[in-house]
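Subject: A structure for you to look at

Hi,

Here is the structure I promised to pass on. Have a look at it in your viewer first, then read on.

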Amino acid sequence: MAVDEVANEAANGAESLSVQAGSEGYLTFPVAPDCRVNVRSGPGTGYPIKKVLPYDAWVKIDCQTPGTNVSGPYGTSDIWDCIGNGLYVSDAYVKTGADGYVATRCG
């Protein structure tokens, strides 16, 4: 699904979704409230933790890729969101408003 389709779906969908446009044309999405989410060096729980996001953080999604299956506030997913510079968070902790991919696949 293209970025503009996500924005349209968010605007017209039954569930309220807050999305912001990033400075480079990427959409940014909220991380689950009251969660400090691990940011890893690859798309899975076996990769080292590089940092931890603060509460109420927003992330820009550069691309998405399959990885370790994770259960979180937004369901169970094997999708990992690349938030820049080879850093990944589980999509199960990011409110994208969709159960599938909302960005291009990482190359």
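Below is what turned up, starting with the overall layout and then going residue by residue.

**The overall picture**

First thing to keep in mind: this is a predicted model. If you take the contacts between residues at least 6 apart in sequence, 47% of them join residues at least 24 apart. The exposed surface comes to about 5800 Å², with carbon and sulfur atoms supplying 46% of it.

**The cores**

In soluble globular proteins, nonpolar side chains tend to be buried together. So which residues have the most contacts inside the largest nonpolar core here? They are Leu 53 and Val 89, in a core of 18 residues. Strand S2 (27-30) and strand S8 (87-90) each supply at least two residues of this core. Apart from it there is another core, of six residues, including Val 70, Trp 80, Tyr 88 and Ala 92.

Setting aside residues up to four places away in sequence, Val 89 touches Val 37, Asn 38, Val 39, Leu 53, Trp 80, Asp 81, Ile 83 and Val 94.

**The cysteines**

A disulfide is a covalent bond between the sulfur atoms of two cysteines. The count here comes to one disulfide, and it joins Cys 63 to Cys 106, with 2.1 Å from S to S. The torsion about that S-S bond is about 95°, so the disulfide is right-handed. The two partners come from distant parts of the chain, 43 residues apart: Cys 63 is in strand S6 (residues 63-72), while Cys 106 is in the segment after S8.

Are the two ends buried or exposed? Cys 63 has a relative accessible area of 13%, so it is buried. Cys 106 is at 21%, so it counts as partly exposed; the cut-off for buried is under 20%.

Cys 82 is buried too, at a relative accessible area of 7%. Cys 82 is in no disulfide, and the nearest cysteine sulfur, that of Cys 63, is 4.3 Å away.

**The charged residues**

How many salt bridges does a search of the whole structure find? It finds one. In it, Asp 62 pairs with Lys 60, and their closest N and O atoms are 2.6 Å apart. Lys 60 has a relative accessible area of 26%, so it is partly exposed.

Now compare Asp 81, in strand S7 (residues 75-84). Asp 81 is buried yet has no salt bridge, and the nearest side chain of opposite charge, Arg 105, is 10 Å away. Among the residues Asp 81 touches are Ile 61, Cys 63, Gln 64, Tyr 88 and Val 89.

**A glycine in a loop**

Last stop: Gly 86, in the loop between S7 and S8. At 33% relative accessibility, Gly 86 counts as partly exposed. Leaving aside its neighbours within four places in sequence, Gly 86 is in contact with Arg 40, Ser 41 and Gly 42. Gly 86 and Arg 40 are 46 residues apart along the chain, and their C-alpha atoms are separated by 8.4 Å.

Cheers

Technical notes: Residues numbered from 1 in each chain as written. Predicted model: local features only at pLDDT ≥ 70, side-chain atom pairs only at ≥ 80, totals over all residues. Heavy atoms only, no water. Core = buried A, V, L, I, M, F, W, Y, C linked by side-chain atoms within 4.5 Å. Buried < 20%, exposed > 50% of the residue type's maximum accessible area, 1.4 Å probe, protein only. Helix = DSSP H or I, 4+ residues; strand = E, 2+ residues; numbered from the N terminus. Contact = heavy atoms within 4.5 Å. Disulfide = S-S within 2.5 Å. Lys, Arg positive; Asp, Glu negative; His and termini not counted. Salt bridge = Lys/Arg side-chain N within 4 Å of Asp/Glu carboxyl O. Areas by Shrake-Rupley, 256 points an atom, 1.4 Å probe, with all protein chains shown as cover.
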